[in-house]
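Take a look at this structure. The report below covers its cores, a pocket and a helix.

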Amino acid sequence: FFFFFFFWMDSSPASPGLSSSFSSSMNGKRSSSNSIHKAFLYGSSSHKLTQPSPAGHTHEWKLYLRPATDEPLENYIKKVTFVLHSSFKNPSRVCTKPPYEVVELGWGEFEAVVKVQFQASNLKIITLKHLIKLFPSEKTKMVDNELVCEIFDEFVFHYPSPSIQKLLTKNTSPKLIPSYAKLENEQLGLLEVACKRVKHKTEEYNAKCKEIVKHIEEVKNELKKLQANEAM
């Protein structure tokens with residue numbers, strides 16, 4: 001599991017807009033006078049077949065978009081389109097209801113596209129990209145004999161109109177699914193440690209810079225003295 005930093009678009013205050021971006025606090029639905037946040041995740045899982053298929057496929061994999069909270073995505077999502085590699089038959093797969101997922105057989109990794117269309121027709125389609133993983137890496141984790149690569153994110157609805165706001169607040173207090181809440185706390189802890197480390201390193205570098213500046217001034221003063229002595 002890992003967090004992915006992604007920004008889709010910035011909206012002007014004059015009109016409603018939507019973006020997808022990481023937030024340091026994905027506690028279900030967060031809202032302010034200007035925006036509403038919806039936590040979600042997308043990714044893939046895969047496992048090796050006991051024996052290759054007649055077509056030479058070695059793995060079965062699943063590409064999906066899921067809620068990170070107990071709020072149904074269909075409350076505000078109209079459909080999800082998964083765009084696979086062109087070598088697949090019917091590479092564009094459309095899901096109009098959950099589960100939003102595609103299951104296929106394959107032998108190689110490739111980047112797929114996930115397009116999310118919302119119930120509100122005036123909101124632009126969000127486009128996400130995901131590398132379907134069949135082999136272990138630093139971005140994967142084994143869960144119940146499945147190789148999982150998931151990305152946590154948020155849909156951020158900027159300046160929602162009253163009609164869109166009503167659509168987004170059907171579930172007034174969504175809660176993070178426990179396993180994701182635990183993972184979020186672990187990741188936030190790691191981020192806090194990283195921030196402290198960066199702060200410490202920054203202070204060290206600032207101190208070194210001050211020493212260098214001081215040394216430069218001392219050298220300049222010595223040079224002036226030498227130039228003054230030569231002039232006498």
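What follows starts with the cores, then turns to the pocket and the helix.

This is a predicted model: local features need pLDDT of at least 70, side-chain atom pairs count only at pLDDT 80 or more, and totals for chains, interfaces and linings use all residues. Residues are numbered from 1 along each chain as its sequence is written, and side-chain values use heavy atoms, with hydrogens and water left out.

A nonpolar core is a set of buried Ala, Val, Leu, Ile, Met, Phe, Trp, Tyr and Cys residues joined through side-chain atoms within 4.5 Å. Buried means under 20% relative accessible area (1.4 Å probe, protein chains only).

| Core | Residues | Including |
|---|---|---|
| Largest | 32 residues | W61, L65, I77, V116, F118 and F155 |
| Second, separate | 9 residues | A39, Y64, A68 and L183 |

β9 gives the most, with 5 residues. Helices (H or I, at least four residues) and strands (E, at least two) are DSSP runs, numbered from the N terminus.

Next, the pocket. Which residues line the second largest pocket? Among them are H57, W61, H85, W107 and E109. By class, this lining has 5 nonpolar, 5 polar and 1 charged residues.

Last, the helix. α2 (residues 178–231) has 54 residues. Its first and last C-alpha atoms lie 79 Å apart, close to the 80 Å expected at 1.5 Å a residue. Y180, L183, E184 and Q187 of α2 are buried.

Technical notes: Buried means under 20% relative accessible area, exposed over 50%, partly exposed in between (1.4 Å probe, protein chains only). On a 1 Å grid over the protein atoms alone, a cavity is a set of points where a 1.4 Å probe fits but cannot get out, and a pocket is an open set with protein on both sides within 12 Å along at least five of seven lines; lining residues have an atom within 4 Å of a point. Ala, Val, Leu, Ile, Met, Phe, Trp, Tyr, Cys and Pro count as nonpolar, Asp, Glu, Lys and Arg as charged, and the others, Gly among them, as polar. The expected span of a helix is 1.5 Å times one less than its number of residues.
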